[in-house]
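Please read the following briefing alongside the sequence and the structure, which are shown here first.

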Amino acid sequence: MMICVSISESVYSFSKRVQGFHELVARMVCEDYGVEGLLNSVLENLIYEFRFFKYKPPQTKVGEVGLVAHTDGNFITIIHQHEVEGLQIKTKDDQWIDVKPNPSSFVVVAGDVLQVWSNDRVRSCEHRVMMKEDKVRYSVGLFIVAQGVIHAPEELVDDEHPLKYKPLDIAEYTRFTIEEGAARQGSRLQAFYGI
Ligand SMILES: O=C(O)CCC(=O)C(=O)O
Ligand SMILES: [Fe+2]
């Protein structure tokens with residue numbers, strides 16, 4: 001029982017710190033696009049889900065897929081890998097690059113909802129897990145999830161950036177991403193909007 005209490009306290013305090021880091025990232029995004037006045041309304045509409053992942057060592061060969069390529073359907077995800085590598089990010093020129101684990105580093109992954117909110121200024125990032133070492137792999141992620149209906153603020157719509165997406169109903173999009181599953185080829189956001 002004591003162990004449970006101390007684990008839940010540790011998880012809570014760790015996730016609170018990562019939440020603080022996310023708030024900094026959100027501030028940087030808003031400042032970068034000249035909409036710092038919107039920061040509070042963006043943050044107010046978010047909830048935080050902390051998830052733990054455990055990947056078995058590769059069953060047949062080293063270099064097995066642990067998690068298929070996908071973009072996250074939420075706003076932003078912050079990932080931390082514990083010791084064993086595996087996370088890969090796809091670059092703009094379609095190259096997969098390894099993200100090496102480091103005790104003090106976190107990976108900030110833009111999700112589909114940030115792409116909609118930013119009117120395509122920030123693109124959701126394709127990533128996957130490749131099991132390259134013959135070891136169990138642990139990672140944690142703080143999934144920052146928007147609620148309600150998300151649309152690009154008018155400040156981010158202009159002649160150079162015409163409105164790209166109709167308002168996104170998060171509940172409807174979540175249902176769609178669950179039905180499509182992570183294994184779908186191509187962008188779920190594009191499929192949802194039929195573009
Ligand atoms: O385990 C990881 O490093 C990534 C997990 C992930 O991308 C996800 O659950 O969406
Ligand atoms: Fe992901």
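Leaving aside neighbours within four places in sequence, F75 is in contact (heavy atoms within 4.5 Å) with H22, V42, L46, V109, A110, G111, V113, L114, W117, I144 and A146. The model is predicted, and local features need pLDDT of at least 70, side-chain atom pairs count only at pLDDT 80 or more, and totals for chains, interfaces and linings use all residues. Residues are numbered from 1 along each chain as its sequence is written, chains are lettered from A and ligands numbered from 1 in the order in which they are written, and side-chain values use heavy atoms, with hydrogens and water left out.

**Nonpolar cores**

- F75 and W117 touch the most other members of the largest nonpolar core, which has 32 residues; such a core is a set of buried Ala, Val, Leu, Ile, Met, Phe, Trp, Tyr and Cys residues joined through side-chain atoms within 4.5 Å.
- At least two residues of this core come from each of α1 (2-32), α2 (39-44), β3, α3 (112-117), β8, α4 (170-180) and α5 (188-193), where helices (H or I, at least four residues) and strands (E, at least two) are DSSP runs numbered from the N terminus.
- The largest share of the core, 5 residues, is supplied by α1.
- Another core, of 7 residues, lies apart from this one, and I79, L87, I89 and C125 are among its members.

**Iron site**

- H70 (NE2), D72 (OD) and H127 (NE2) coordinate the iron ion (ligand 2) at 2.1 to 2.2 Å, where donors are N, O and S atoms within 2.8 Å of the metal (3.2 Å for Na, K and Ca), and sites may look incomplete because water is not among the atoms.
- Along the chain, the donors of the iron ion (ligand 2) follow the spacing H-x1-D-x54-H.
- Distant parts of the chain are linked in this way, since H70 belongs to strand β2 (residues 64-70) and H127 to strand β7 (residues 127-131), 57 residues apart.
- H70 counts as buried because its relative accessibility is 12%, on a scale where buried means under 20% relative accessible area, exposed over 50% and partly exposed in between (1.4 Å probe, protein chains only).
- H127 also counts as buried, with a relative accessibility of 3%.

**Strands and sheet**

- An open sheet of 4 strands runs in the order β1-β8-β3-β6 with antiparallel pairing, two strands being paired if DSSP finds at least two bridges between them.
- The edges of this sheet are β1 (46-55) and β6 (107-110), and because each has a single partner strand, one side of each is left without a neighbour in the sheet.
- From one strand to the next the twist averages 20°, with axes taken as lines fitted to C-alpha atoms (for helices over the stretch in contact) and angles running from 0 to 180 degrees between N-to-C directions.
- Strand β3 (residues 76-82) and strand β8 (residues 137-146) run antiparallel and are joined by 7 bridges, and T77 stands opposite F143 in β8.
- Strand β4 (residues 87-90) is joined to β7 by 3 bridges in an antiparallel arrangement, with L87 opposite V129 in β7.
- Strand β4 is also joined by 3 bridges to strand β5 (residues 96-98), again antiparallel, and here I89 stands opposite I97 in β5.

**Loops**

- The hairpin of β4 and β5 has 5 residues between the strands, and D94 in the turn has a positive phi of about 65°, although D94 is not a glycine.
- D94 counts as exposed, because its relative accessibility is 54%.
- E83, in the loop between β3 and β4, has a positive phi of about 65° although E83 is not a glycine, and at 63% relative accessibility E83 counts as exposed.
- K135 lies in the loop between β7 and β8 and counts as partly exposed at 44% relative accessibility.
- Not counting residues up to four places away in sequence, K135 touches Y55, K56, P57, P58 and V84.
- The C-alpha atoms of K135 and P58 are separated by 7.7 Å, while the two residues are 77 residues apart along the chain.

**Cysteines**

- A search of the whole structure finds 0 disulfides, a disulfide being a pair of cysteine sulfur atoms within 2.5 Å.
- The sulfur of C125 is 19 Å from the closest cysteine sulfur, in C30, and is therefore too far for a bond.
- C30 is buried at 3% relative accessibility, and C125 is buried with a relative accessible area of 18%.
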